[in-house]
Amino acid sequence: MKRVRARLRRTPIGLGIVICFFVLALVGPWIAPYDPLMIDLLHEYEPPSWTHLLGTGDNGIDILSALLHGARLAAIVSVVVVGVSVVFGTLLGTWAGYVGRLTDHVITGIADLVQAFPAIVLNIAILALVARPGLMHLIVALAVNGWVLYARLARAEALTLREREFVEAARALGVPTHQILSRHVVPNLLGPLVIQATTGLGVVILAESTLSFLGLGPGKAVSWGALLDQGTSVLLRFPHVALFSGGAIAVTVLGFNLTGDWLRDRLDPRLR
Amino acid sequence: MVRMMSPGLLRYLLGRVLRALLTVVGLVTIVFLLVRLIPGDPVEAILGDQAGPEEKAELRRALDLDRPVGQQYLSFLGDMADGSMGTSFRRPDRSVWSMMREVLPHTIVLAIAALLVAWSVAIPLGTIAAARAGRGWDKIASTVAVAGLAIPNIWLGPLLILAFGVKLGWLPLPGDDLAGPEALILPAVTVGTAFAAVLTRQTRAAMIEVLAQQYITAARARGVPSVPLLLRHALRNAMLPVMTIGAAQLGALLSGTIVTEKIFERPGLGTLFLDAFFARDIPVVQGCVLIIAVIYVVVNLVVDLAYGVVDPRVRLS
């Protein structure tokens, strides 16, 4: 019992939040008490009660149900965006770092431009390409910003790995470049990439919420950000809508940040 | 100042300015191409579904949308060069620049206020945390920084309004008269908090590194009191990496002002940009992206040049 408690204390709260988030995203739509799009005009903006645990919002929708469905959207968007970003970022970054020269200049230049430019402005400009932005467009827009972090990381690692003896030995033995990259360089990237991706999931969830909040989210889907937008417009009379939806975003993002820090401490002994 | 400029420095300056100009032209061209690809028809968006074909054709002609893209690009470049940045689709009597000039001061004031909030929190907090690394104050500062990073500004804004506007009634609510400076406090805190958190972490890390160096130990041994030691000897050298991060966060700062202007119903570049986007007012969308690009390029240029002032060693690198 004592040992369990000691282990619990060392298990970070952030990881608990992250696990909760993914479990709720998975089962949430099934355990949600109501349909999040069900209109009930008689019970609009009711404070929390036993029938509606977190109260009701715009058109009388049940906020708890909307949050549970929103969790699934946030999970899908964040996992897909981070997945795509990691793949593209790692490919481009290792390539730039290992090959160097012009390739490196071009890729680093684009990365610099994307990273420093206001993310929201870039996202809006991309979403502006389509008449009715849907889930796919949102994912593409977010991935356009997303790959940069992983590319930087991969490039920096590839630059140092290129000079290491075991890579040089492989090169001397005549191992082709793509095999050196896939067998020797990329596996060494896994630790830093996992850390970055964990924090990255939180960043994407926040970005999705922000775009939905600004009214640029995927049309019909239930999103935390869109709910917060509704809540902000009735903030002075019915604060519970904004409090709960914003709280969900904040707690989830905090969870991913804490987990990222915790992983960094564990996986990278240099920082201890 | 002029006497200090060697030919090498001058060449470096010119090179940096030229590169900044090229970046702006590149960004403008990309924006022009992107915006032309919008599938939604701006003419339909302006006139609505009821408009007849002649009416549409007339507006299309008036807006130059019937000409080939190449000609549109040339006249677009001309509009950019003469400073008008074209004419708004929604308000044919207004040039884009005049619309932006009207709202730009609100955004700039908000951004500067947010920076003031961020720096005035981050530098003392980061310095104290570094001076007391690993102890109570450090833990408090770290917790504040983590919390500040985690609270999204889309939630922080509403929370601040509820706390200081509704419950305490100290500060004006969104939509109240914007004349007073107190209406700026909550928006500035909303934008500045995440920024303060990042800068606190950076200041702490940079200060810890500097404080471990030998010249600090030497100064301490000479009997320099701890406050001047921290402020004069350590902080100045620690500021260089912090400034780099500060400049890299400019994008986040501008993103933050867009969101905050919506929350607090403030006029500004963000509000103009979003309105223009939803109305498919292409010239205004272009103008907003251009002005944001220019701000970003100019600030980065200034920060690059400011390194030379803070640390003479980097002047020519």
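Reader: Okay, which helix is Arg162(A) in?

Author: Arg162(A) sits in α6 of chain A, the helix that covers residues 135–162. Keep in mind that this is a predicted model.

Reader: And is Arg162(A) buried, exposed or partly exposed?

Author: Partly exposed, because 19 other C-beta atoms lie within 10 Å, and buried would take 20 or more.

Reader: What does Arg162(A) touch, if I skip residues up to four places away in sequence?

Author: Tyr98(A) and Val167(A).

Reader: How far is Arg162(A) from Pro239(A)?

Author: In space they are 56 Å apart, C-alpha to C-alpha, and in sequence 77 residues apart.

Reader: Let's move to helix packing in chain A. How do α3(A) and α9(A) cross?

Author: Helix α3(A) is residues 63–99 and α9(A) is residues 190–213; their axes come within 9 Å and cross at roughly 135°. They therefore count as oblique to each other, since roughly antiparallel would need an angle over 145 degrees. The crossing is right-handed.

Reader: Which residues meet there?

Author: From α3(A) you have Ala74(A), Val77(A), Ser78(A), Val81(A), Val82(A), Ser85(A), Val86(A) and Thr90(A). Facing them from α9(A) are Leu193(A), Ala197(A), Gly200(A), Leu201(A), Val204(A), Ile205(A) and Glu208(A). By class, that contact has 10 nonpolar, 4 polar and 1 charged.

Reader: Why would residues three or four places apart in a helix point the same way?

Author: An α-helix has 3.6 residues a turn, so residues with that spacing point the same way.

Reader: What follows α9(A)?

Author: Gly215(A), with a positive phi near 90°.

Reader: Switching to the two chains together: how many residues of chain A are in contact with chain B?

Author: 30 residues of chain A, and they contact 35 residues of chain B. On the chain A side, the elements that give two or more residues are α5 (119–127), α9, α10 (224–233) and α11 (240–267).

Reader: Where does the largest share of that side come from?

Author: From α11(A), which gives 7 residues.

Reader: Now chain B. What's its secondary structure?

Author: 13 helices and 0 strands. Of its 317 residues, 37% are buried. Among its contacts with a separation of 6 or more, 71% are between residues 24 or more positions apart.

Reader: Which residues of α7(B) are buried?

Author: Asn153(B), Ile154(B), Trp155(B), Leu156(B), Gly157(B), Pro158(B), Leu160(B), Ile161(B) and Gly165(B).

Reader: And what do those buried residues pack against?

Author: Both chains: α9, α10 and α11 of chain A, together with α8 (185–211) and α11 (250–263) of chain B. As for the helix itself, α7(B) runs over residues 153–167 and reaches 20 Å, close to the 21 Å expected. Just after α7(B), Gly169(B) has a positive phi of about 70°.

Reader: You mentioned α8(B) and α11(B). How do their axes cross?

Author: At roughly 150°, with the axes coming within 9 Å. That is over 145 degrees, so α8(B) and α11(B) are roughly antiparallel to each other. Their crossing is right-handed. The contact includes Pro187(B), Thr190(B) and Phe195(B) on α8(B), and Leu253(B), Gly256(B) and Ile263(B) on α11(B). Its residues divide into 7 nonpolar, 4 polar and no charged.

Reader: Last topic, loops. Where is Glu265(B)?

Author: In the loop between α11 and α12 (269–278) of chain B. Glu265(B) is partly exposed, with 14 other C-beta atoms within 10 Å.

Reader: And Asp66(B), where does that lie?

Author: In the loop between α3 (53–62) and α4 (69–81) of chain B. Asp66(B) is partly exposed too, because 13 other C-beta atoms lie within 10 Å. Leaving aside neighbours within four places in sequence, Asp66(B) is in contact with Arg60(B) and Arg61(B).

Key: Residues numbered from 1 in each chain as written. Chains lettered and ligands numbered in written order. Predicted model: local features only at pLDDT ≥ 70, side-chain atom pairs only at ≥ 80, totals over all residues. Axes fitted to C-alpha atoms, helices over the stretch in contact; angles between N-to-C directions. Helix = DSSP H or I, 4+ residues; strand = E, 2+ residues; numbered from the N terminus. Parallel < 35°, antiparallel > 145°, perpendicular 65-115°, else oblique. Left-handed = near helix turned anticlockwise from the far one by under 90°. Contact = placed C-beta atoms within 7 Å. Nonpolar A, V, L, I, M, F, W, Y, C, P; charged D, E, K, R; others polar. Buried ≥ 20, exposed ≤ 12 C-beta atoms within 10 Å, placed from the backbone. Expected span 1.5 Å × (residues − 1).
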